[in-house]
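Here are some friendly notes on the charged side chains, for you to read with the model open. I have kept them to a few numbered points.

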Amino acid sequence: MKKKHLIILCSILMVSCSKNSETKNNTQEESSISFVDPFIGTGGHGHTYPGATVPFGMLQVSPVNGISEWDWCSGYHYSDDVLVGFSHLSLSGTGIGDLADIIFMPVNKDVDLTINPQSRDSISYKSSYSHKNEKASPGYYQVFLEDHDVNVELTTSKRTANHKYSFKKGDKNSVVIDLGFAINWDRPLETSLNIEDEFTISGTRFSKGWANNQKVFFVAKFSKPMVSHKLYADGNLTAEKSAKSKKTSTQLFFDTDDKNELQVKVALSSVSIENAKDNLDTSDFNFEGVKTSAENSWEKALSSFNVETKTDSLKTIFYTALYHAQLAPVTFSDKNGQFRLENDSIVTAENYTAYSTLSLWDTFRAEHPLLTLIAPDKASDMINSMLAYYEPKKILPVWTLYGNETNTMTGYHSIPVIVDAYRKGIRGFDAEKAYEAMKNTMLQDERGLNHYKKYGYIPYNLIDESVTISLEYAYDDWCVAEMAKMLGKEEDYQFFLNRSKAYQYLFDKESGFMRGKSQDGKSWNEPFDPKHSNHREQTDYTEGNAWQHSWFVPHAVDNLIEIHGGNKVFTNRLEQLFTESSEITGDNVSADITGLIGQYAHGNEPSHHIAYMFNHAAQPWRTQFWARTIMDTQYNTTPNGLSGNEDCGQMSAWYVLSSMGIYPMNPASGEYEIGTPIFEKATMNLPNGKTFTIEAENVSDKNFYIQSATFNGEVFNKTAISHDAILEGGSLLFLMGAKPNKNWGVTGKQQ
């Protein structure tokens, strides 16, 4: 009898465990953040950071290795095993290093801050760590510092970072703050520290680097009182409670208690210490509560898409990409709306949030079009930010870092971002003011526009990277023309439309490449090698070669096909791009030429639209083949999972959209080219409350060719779909197969 009862009890327990397990699995299945791995991209040339932030948050509290090299642009690289502290501002995937401001480092002993370190080796508070004792998830980061026996946990709200330090029993509880520390391009000009009371320290860090005039104000609150401190100005110990010098630092000491835990809240501002205090969360120290809120904010941000696949690694790649696509641009205005411009004027964002870290040369291509789908309110705020940055010099931003114009990269790609948003019905900005800014920007004389206006293109002997710059100005002109047309400015429309044909001057029909042309309008830059790269100097191309840059005519692909000599010539050359040898010639090859498939370089943005151009030349199956090849070969779930710099979300946004089966080849057209969906089912949960679903029946790693399609039950035989159609909601169904259907998508007018 007892045995029988035991069997029944075991059965009940087994059923209960099974139900609990099922519930747990269902919960995990529903949790998008469980698929995100922030370490993807922290190896190789991805240049991402693993630290804690919230979607588009002001702070990115992240570990810093302390090395000034290209692969440490974010402050962290997965190959490393030494940390010098945790900073509060980080760059995601850029090719230039800056920030890593306001370094905090918990230590368990007295350290020597009189040393002026010449390298990381001489930093007294550094510590080794192991990836075995390191974790990262959306909104959270943890690592154990081996040299100090301290476990560090980081999380953050929109404007306040939260640190939690767990010390070994009996050890000193101490924190180092080093405002003199700098990596890569950054160098401090003036810093200050002020111990306000036993719980509070504030300070400033003014620096020059990639951002020419960066001013950071901060305040930190501790969960228990300081019992003593050591304060240094340029390595000299001072008895005062405040210090100002080029490099200030301090070591703070706290009571050792039974819990041996110290929490810190840190807030920053570009305006003032008072604003930093206003930005600081005033609630009690509740690390777990802040962490949960951060996770919830990420779960909400990632819920814009729901993808279904039997392959978990594809979910990991997708949701990590969607996570990376919402790290930047970053919130820049304070809680009261104020933010600082490069000229030190203070602007107040009225009815919008100001953003910075605008990597526009990269993000106009797919990142900003993605945001028009998932965060249109932020898209308009970002445009209002661009218009604020326009005011001092009456030129739209090129690449804005901490409110500073860096003039990094070519073109003025604020312009397509504005046009894209306006075309898609986003109206949270002054369209007439935006048009005035676009027009004035393209009619001024800086950055080669004087030559472009005089010759219709930029002659190669007058400025480096003339081909790339001319092609990008031509596209920007087309965008201005489109905005003029939408606003009823016919004369401006014709003027800028005519200028947008500048690419025709540079096309060499004999070689099939866009080439540097002299002032006489006839002779080419010789000798010519389409595989040659010379990084950023004495070259006609930006971070690439003729193979990679000759295709940037997204606004006039049909005419580009025509001047090539028709579909056959064009598609043969386009196919050759992917099948040519991957040799890059030259003595100063750009490090950005990565992710090579033939001469196609997915690791840098100029190549990102190219695979979708087959659609316009009646060979959409080639788009399907190469889009799938890129997805399969250029992304994975390891730290080396990105084939090039993440570039503030562009590399990831390419994957998010391409894996859905759509891509904005011309990002200001209001249309998405059809590629090849990678998921059995993918649903967009649109901000307007509607859903748009893409299903791919029979899809697999071999079945990536579209056989047929229906849209809301009707036959769909087009290779593009409009943004408006997606916003209306509905279902796009593809039947997939292992062999191309060369009839699908070839007939009928493009939508």
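1. A word on burial to begin with: a residue is buried under 20% relative accessible area, exposed over 50%, and partly exposed in between (1.4 Å probe, protein chains only). Arg 205 counts as buried because its relative accessibility is 0%.

2. Before you look further, please note that this is a predicted model, in which local features need pLDDT of at least 70, side-chain atom pairs count only at pLDDT 80 or more, and totals for chains, interfaces and linings use all residues. Residues are numbered from 1 along each chain as its sequence is written, and side-chain values use heavy atoms, with hydrogens and water left out.

3. How many salt bridges are there? Taking a side-chain nitrogen of Lys or Arg within 4 Å of a carboxyl oxygen of Asp or Glu as the rule, the count is 30.

4. Arg 205 takes part in a salt bridge with Asp 101, at 2.7 Å from N to O. Asp 101 sits in the loop between β3 (85-87) and β4 (103-107), while Arg 205 belongs to strand β12 (residues 200-208), 104 residues apart. Strands here are DSSP runs (E, at least two residues), numbered from the N terminus. Asp 101 is buried, like Arg 205.

5. Arg 205 also meets Asp 186 in a salt bridge, at 2.8 Å from N to O. Asp 186 lies in the loop between β10 (173-178) and β11 (187-197), 19 residues from Arg 205. With a relative accessible area of 5%, Asp 186 is buried too.

6. Have a look at Arg 536 and Glu 543 as well, whose side chains form a salt bridge of 3.8 Å, N to O. Arg 536 is partly exposed, at 31% relative accessibility, whereas Glu 543 is buried, at 10%.

7. Finally, a network of salt bridges links Glu 153, Lys 164, Lys 259 and Glu 261.

Terms used. Helices (H or I, at least four residues) and strands (E, at least two) are DSSP runs, numbered from the N terminus.
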